[in-house]
Amino acid sequence: MAAGVSAKHGMFSSKMSLYRGIQRKFLPSNDGFERAAVVQSVRATASAAVDSQHNEKYCLQLVRSRDYDGFVCSLLLPEEARRSSLALRAFNVELAQVKDSTSQKTIGLMRMQFWKTAIDEIYRDEPPNQPVSAELWRAVRKHYLTKRWLLRIVTEREKDLDDRAYRNIQELEMYSENTQSSLIYLLLECLGLKDVHADHAASHIGKAQGIVTCLRATPYHSSRRRVYLPMDICMLHGASQEDFIRGSREQNIRDVVYDIASQAHVHLQHARSFGHNVPPAATPAFLQTVVLEDYLQRVRKAHFDVFHPSLQKRNPILPIQLYIRSWKKAY
């Protein structure tokens, strides 16, 4: 009987050995599955890292080529906010380009709708496969950015597709508040700041920036037979749109520029009046004041001739001025 049991055991062992051999030959082991999963995970991580680097580089190059002043200001931000700042500025550039790059309003509206949808998807953690959207999603997740400010920028840019001059300086200020000021509010959030005094300063800086941007772009727009300067101030001094299109440098044109530049200066002064209450940590978000001050000083030296050649050149020492102001933690 013992011999029979031994024989059966031997047959059972042989069958088990044969089964294990077949399993090893035709079926992957658990170790194989685990190794494949690890390899797949490593590849996915590496691919995501490459995509992330590509997205970051794309935004950096876009801002450097289309918003150089903003690019330099972003480089002077603390490291934890730098990449997010470039994402926000790239987003702003993308929207600003819509008006100039589309010949039909319908196409512009479609592109604005893309960004409205993209923002909704970003806040659902489903960003579109687009570099700026991906970087914006990263910034939103890292700093818990307020959705309302992003949507407000898009909505205001969408209204601006009507391609007409501002009726008055107040309309230009409202546009600037909804676009430039909203961007600064987001930069403050990237710095981890929520402060009422900083918000008040940001509101005035944004308005000043919008006004200065309108002035700086006048020669470019005039060359394309477009004029966006406030109509009420132009009418006050008897200046027509055709005068700007012709590049007139008469006194009435200079008077228009003087009035508009003065309003930007007033907002800049208001922003600085909050300086003693604004947290020092907020000042990196306000470095754009150096750029605004530089342009206002240069247009004054040009006797408010907005078409003067010196105003079309970039100030070579501006990055140094920005660095010094950043070091002093002042705006």
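View 1. Where pLDDT is low, the predicted coordinates should not be read in detail. The chain as a whole averages a pLDDT of 89, and 85% of the residues score at least 70. Because this is a predicted model, local features need pLDDT of at least 70 and side-chain atom pairs count only at pLDDT 80 or more, while totals for chains, interfaces and linings use all residues. Residues are numbered from 1 along each chain as its sequence is written, and side-chain values use heavy atoms, with hydrogens and water left out.

**View 2. Threonine 102, in a loop between two helices.** Look for threonine 102 in the loop that joins α4 (79-101) to α5 (105-122); helices here are DSSP runs (H or I, at least four residues), numbered from the N terminus. Threonine 102 is buried, with a relative accessible area of 12%; buried means under 20% relative accessible area and exposed over 50%, with a 1.4 Å probe and protein chains only. Its side chain reaches the backbone oxygen of valine 98 at 2.7 Å. Leaving aside residues up to four places away in sequence, threonine 102 touches Ile107, Gly108 and Arg111. Leucine 161 is 59 residues from threonine 102 in sequence, and their C-alpha atoms are 9.6 Å apart.

**View 3. The two sides of helix α15.** In α15 (residues 318-328), the buried residues are Leu318, Leu322 and Ser326. Seen down the helix axis, these buried residues fall within an arc of 75°, so they line one face of α15; the arc is that of the directions from the helix axis to the C-beta atoms. An α-helix has 3.6 residues a turn, so residues three or four places apart point the same way. The buried residues of α15 pack against α3 (68-75) and α14 (288-301). On the other side of α15, you will find Ile320, Tyr323, Trp327 and Lys328 exposed. Just after α15 comes lysine 329, with a positive phi of about 55°.

Key:
Contact = heavy atoms within 4.5 Å. Polar contact = N/O pair within 3.5 Å; in protein donor to acceptor, adjacent residues only side chain to side chain. pLDDT = per-residue confidence, 0-100.
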